[in-house]
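Take a look at the chain below before reading on. The briefing then goes topic by topic.

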Amino acid sequence: MTTMAQVICGLARRWCFGALGSPLQVPCLQALPLHLGRTATRASQRDLENAVHQVKLWKKDPGNEVKLKLYALYKQATEGPCNLPKPGMMDLVNKAKWDAWSALGSLPKETARENYVDLVSSLSAASEPPSPAKPAADGEQAGGDLVVTSENHITTITFNRPAKKNAITTQMYQDIMLALQAASKDDSVLTVLTGNGEYYCSGNDLTNFTDIPPEGPEEKARTNAILLREFVDCFIDFPKPLVAVVNGPAVGISVTLLGLFDLVYASDRATFHTPFGPLGLSPEGCSSYTFPKMMGPSKLSRTKVGSRAGEGGCQSQATVSLQGRGLGQLVFLKAAEMLIFGRKLTAQEACAQGLVTEVFPDSTFQKEVWTRLRAYTKLPPNAVRTSREVMRSKGRERLHAVNAEECGALQQRWLSEECTSAVVRFLSRRGKL
Ligand SMILES: CCCCCCCCCCC/C=C/C(=O)SCCNC(=O)CCNC(=O)[C@H](O)C(C)(C)COP(=O)(O)OP(=O)(O)OC[C@H]1O[C@@H](n2cnc3c(N)ncnc32)[C@H](O)[C@@H]1OP(=O)(O)O
């Protein structure tokens, strides 16, 4: 079981190249002797400075434990015992720094300096001059994570971070809003969201939670709640048909937003997962309202059990053994299974629940979907826009209210221990910190 301290230590890597203004590595406290048996004369200030320089030349990452220990010894050698106030639980990185340094207690500066120099000299042999920065993976460079194209009267917004399963960074949220604002004014008839690679989108990038500003986690949660509300408002107020071309698995906010789309076409390899419970979070994207509304009993009567995917419906084995329950209970129960209990739906199940419009065999998905969308753009654009407006206008006020309520709830959730530890668990698996 990964302890919070071990996992938080791992976060240090993400921090140590920033907060100290140099690639000074920082080690963790566990499993390393405080004094490495230095012989001969005591380490001078000059020795310390040389050791710090040596660390900057290290090529291999010595691991989080060594890095956090070096940090603590450096602070003890230069400033003495830890003199900072203890950071809060959510402030994962500063907490790791504080833990490491304060654990050295009243170790004398000279001893800390010796230990630092010894540790560096014992590890320097393993390091070489740093290799040139790894070229960014496809689409990883700033601005490459989202690709927006506009042709054939279709504006297409593509998540383009396949190496990270198209997880959404803060920058991508901003870029999506800009793309929607531009699409609302250009000559496109439809706006499409889709994913590059095997995933449609794996939801919010969970590292979005780790960069805590100096103002602290409460301020981060407050500003994120405002930004998220603006982000979802862009979808609520968007004036043209919104289409999701779900090319693969979809997670989190990329699923909940689908309730605001007009068409959701899914490959039969797509899945739909909203793990808010396990993450200590709560629903967003107006899904707390749209999902119960969408997943109504009427969908069950419309479901063509056994129909082939792509024949104007969804093949579904949706059987409901809820004898005697009221229809209202039926509606809530199915939305709840997704949003509260985190049940992952296949494309077929999502179609039977009303979340997906139509499912297509993956082998012909792109061809069938884009042929259909291009045909839709031949329709009279003003009629399309008017029909959509009369369908959507009545619900907007309610959706804005739901969005505000959901973002308020999330603002608290982000500060909770349940959410913090879930994010830390995710980032700590396979040493991801
Ligand atoms: C306008 C500004 C607004 C700012 C607002 C900020 C806050 C908004 C928050 C709104 C609420 C949103 C909620 C959600 O979306 S909750 C859902 C979040 N997503 C997840 O929990 C999914 C996490 N990922 C996974 O479970 C698995 O990665 C997955 C099942 C998707 C795939 O597993 P698999 O084993 O196949 O692949 P890997 O795990 O190895 O993934 C490959 C690499 O991609 C990285 N990855 C994947 N998903 C994410 C993610 N969501 N966040 C960060 N990183 C992710 C993964 O770590 C791997 O990275 P490495 O290659 O470095 O190992």
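At 0% relative accessibility, Asn-166 is buried. This is a predicted model. The points below cover the loop, the sheet and the nonpolar cores.

**The loop**
- Asn-166 sits in the loop between S2 and H6.
- Its phi is near 60 degrees, a positive value in a residue other than glycine.
- Lys-165 lies in the loop between S2 and helix H6 (170–183).
- Phi of Lys-165 is near 55 degrees, also positive in a residue other than glycine.
- Lys-165 is partly exposed, with a relative accessible area of 32%.

**The sheet**
- Strands of a sheet pair through backbone hydrogen bonds, either parallel or antiparallel.
- Here, six strands make an open sheet with mixed pairing, in the order S1-S2-S3-S4-S6-S9.
- Strands S1 (146–151) and S9 (358–360) stand at the edges; each has a single partner strand, so one side of each has no neighbour in the sheet.
- From one strand to the next, the twist averages 20 degrees.
- Strands S2 (residues 154–159) and S3 (residues 190–195) run parallel and are joined by six bridges.
- Ile-157 has Leu-193 as its bridge partner in S3.
- Helix H14 (residues 365–376) packs on the sheet and touches S2, S3, S4, S6 and S9.
- The direction of H14 makes about 160 degrees with that of S6.

**The nonpolar cores**
- The largest nonpolar core has 64 residues.
- Phe-231, Phe-235 and Phe-272 have the most contacts inside it.
- Helix H7 (residues 217–236) gives the largest share of this core, eight residues.
- Another core, of 22 residues, lies apart from it and includes Leu-70, Tyr-71, Ala-77 and Ala-96.

How values were computed. Residues are numbered from 1 along each chain as its sequence is written. This is a predicted model: local features need pLDDT of at least 70, side-chain atom pairs count only at pLDDT 80 or more; totals for chains, interfaces and linings use all residues. Side-chain values use heavy atoms; hydrogens and water are left out. Two strands pair if DSSP finds at least two bridges between them. Helices (H or I, at least four residues) and strands (E, at least two) are DSSP runs, numbered from the N terminus. Axes are lines fitted to C-alpha atoms, for helices over the stretch in contact, and angles run from 0 to 180 degrees between N-to-C directions. Contact means heavy atoms within 4.5 Å. A nonpolar core is a set of buried Ala, Val, Leu, Ile, Met, Phe, Trp, Tyr and Cys residues joined through side-chain atoms within 4.5 Å. Buried means under 20% relative accessible area, exposed over 50%, partly exposed in between (1.4 Å probe, protein chains only).
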